[in-house]
Amino acid sequence: GDAPRLGFREFLVKTGATLRFAVYKDLRDRGFYLSPARKDWPGVDDAVAGDTGIDFAVYPRGKGPWDDEVAYRIRVAGERERISAASLGDVVLAIVDEDGDLTYFETDGDPAIGEEGSGEDGREPGTLPSRVEADLPSSVEADLLDDRVVCYEAAEELYEDHFYGQRLFGRNAESGPLQLSLVEGAYLAQRGVVDVDPDAVVALGRDVEGERFDRRLRTYAALRDRGVVPKSGFKFGSDFRVYEEFTDVDSLSHSTDLVRVGAPNHAFYPRDLSLDVRLAGGVRKRMVFALTAANGEIDWLSVARVTP
């Protein structure tokens with residue numbers, strides 16, 4: 001009680017709370033009541049208080065800690081900090097840039113992928129028709145070339161009914177050989193669909209990408225297992241673009257997600273994260289990160305800009 005009262009300048013110098021103050025002031029100006037995420041602070045439950053990655057509990061407009069409802073769990077960071085991907089999910093990341101401007105990112109550690117389909121033909125929402133999921137041909141003759149697999153037999157079936165590969169003679173061609181990416185080629189070779197040595201395809205992929213190829217192959221297989229169709233996301237600066245609704249190659253809907261693959265211990269630079277999310281939003285897609293070891297479980301994380 002006898003401790004000297006700090007002035008505002010001394011408070012910032014002593015606490016280093018400049019970024020947190022900027023976020024606090026911005027959210028108060030937006031009409032929110034918020035509390036520091038500290039134990040025994042009114043309205044802050046033990047889960048929030050015990051999460052060292054949370055700075056504020058923000059309550060819905062017109063409500064406060066007495067209403068027992070939290071609208072946002074806020075984590076504050078500067079634009080030059082590295083942020084562990086594992087620390088995100090169910091939290092809003094408030095980035096304060098070098099000009100003092102704020103950008104808010106909503107993160108979800110359990111995004112729905114392949115669960116928003118139309119349910120046509122009596123199938124479950126988010127699943128592909130059985131003729132797309134099953135009934136693949138087997139032992140299709142193919143050649144492993146410099147950085148892809150090319151097959152001549154069953155090209156129509158693989159492309160038209162299952163949306164694997166791209167026509168070697170161009171997207172406007174109605175027939176001809178089919179070129180598969182190394183990821184597609186490895187996935188189909190491991191399942192006996194194309195008659196090339198799967199180990200040779202994977203080895204070539206590793207020569208080009210190292211162990212990142214294994215992570216991308218793991219993610220590709222997981223996406224197919226979820227009943228969605230992943231294709232190259234190169235044009236969008238990502239690993240895959242994802243289609244959720246598909247009956248044949250001529251009925252593809254707009255792709256819904258961009259997926260970037262990373263290691264489990266991946267850490268974001270906020271500038272890179274902002275670039276990914278901005279690009280995805282600009283082409284009306286959701287940005288999803290697949291964090292996985294070569295053969296391990298995948299931690300999915302979606303990130304989107306949000307205006308509180």
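**Labels and their grounds**

Tutor: We start with S255, which lies in the loop between β13 and β14 (257-262). Please keep in mind that this is a predicted model.

Student: Why is S255 called buried?

Tutor: The relative accessibility of S255 is 4%. Buried means under 20%, so S255 counts as buried.

Student: What makes the link between S255 and K285 a polar contact?

Tutor: Their side chains approach to 2.5 Å. A polar contact requires a pair of N or O atoms within 3.5 Å, therefore the pair qualifies.

Student: Which residues does S255 touch, leaving out those up to four places away in sequence?

Tutor: They are R241, V242, Y243, R284 and K285. As for R241, it is 14 residues from S255 in sequence, and the two C-alpha atoms are 6.3 Å apart.

Student: R241 brings me to the largest pocket. Which residues of the lining are closest to its centre?

Tutor: The largest pocket holds about 1100 Å³ of space. Of its 39 lining residues, Q166, S181, K231, S232 and R241 are the closest to the centre. Elements giving two or more residues to the lining include α6, α7, α8 and β13 (240-243).

Student: Which residues of α7 are buried, and what puts them on the same side?

Tutor: The buried residues are V201, V202, L204 and G205. They cover an arc of only 160 degrees around the axis, which puts them on the same side of α7. The face turned away from that buried side carries the exposed residues D199 and D207. Among the elements covering the buried residues are β7 (140-144), β8 (148-151), α6 (182-190) and α8 (212-225).

Student: What makes D197 a cap of α7?

Tutor: A side-chain oxygen of D197 lies 3.0 Å from the backbone nitrogen of D199. The limit for a polar contact is 3.5 Å, so the pair falls within the limit, at the N-terminal end of α7.

Student: Turning to α8, why is T219 called buried?

Tutor: T219 is found in helix α8. Its relative accessible area is 0%, so T219 is buried. T219 touches, among others, F240, V259, I298 and W300. The side chain of T219 also reaches the backbone oxygen of R215 at 3.0 Å.

Student: And why does S302 receive the label buried?

Tutor: S302 is found in strand β17 (residues 298-305). Its relative accessible area is 9%, which means that S302 is under the 20% cut-off and is buried. Its contacts beyond four places in sequence include E106, D108, P111 and M287.

Student: What makes the phi of D90 worth a remark?

Tutor: Most residues other than glycine have a negative phi. The phi of D90 is near 60 degrees, a positive value in a residue other than glycine. D90 lies in the loop between β4 (83-84) and β5 (91-96).

Student: Why is D90 called exposed, whereas A154 is called partly exposed?

Tutor: D90 has a relative accessible area of 56%, and exposed means over 50%, so D90 is exposed. A154 has 27%, which lies between 20% and 50%, so A154 is partly exposed. A154 also has a positive phi, about 60 degrees, although it is not a glycine.

Terms used. Residues numbered from 1 in each chain as written. Predicted model: local features only at pLDDT ≥ 70, side-chain atom pairs only at ≥ 80, totals over all residues. Heavy atoms only, no water. Buried < 20%, exposed > 50% of the residue type's maximum accessible area, 1.4 Å probe, protein only. Helix = DSSP H or I, 4+ residues; strand = E, 2+ residues; numbered from the N terminus. Arc of directions from axis to C-beta. Contact = heavy atoms within 4.5 Å. Polar contact = N/O pair within 3.5 Å; in protein donor to acceptor, adjacent residues only side chain to side chain. 1 Å grid on protein atoms, 1.4 Å probe; cavity = no way out; pocket = protein on both sides within 12 Å on 5 of 7 lines; lining within 4 Å. Points joined across faces, edges and corners; volume = space filled by probe spheres on them.
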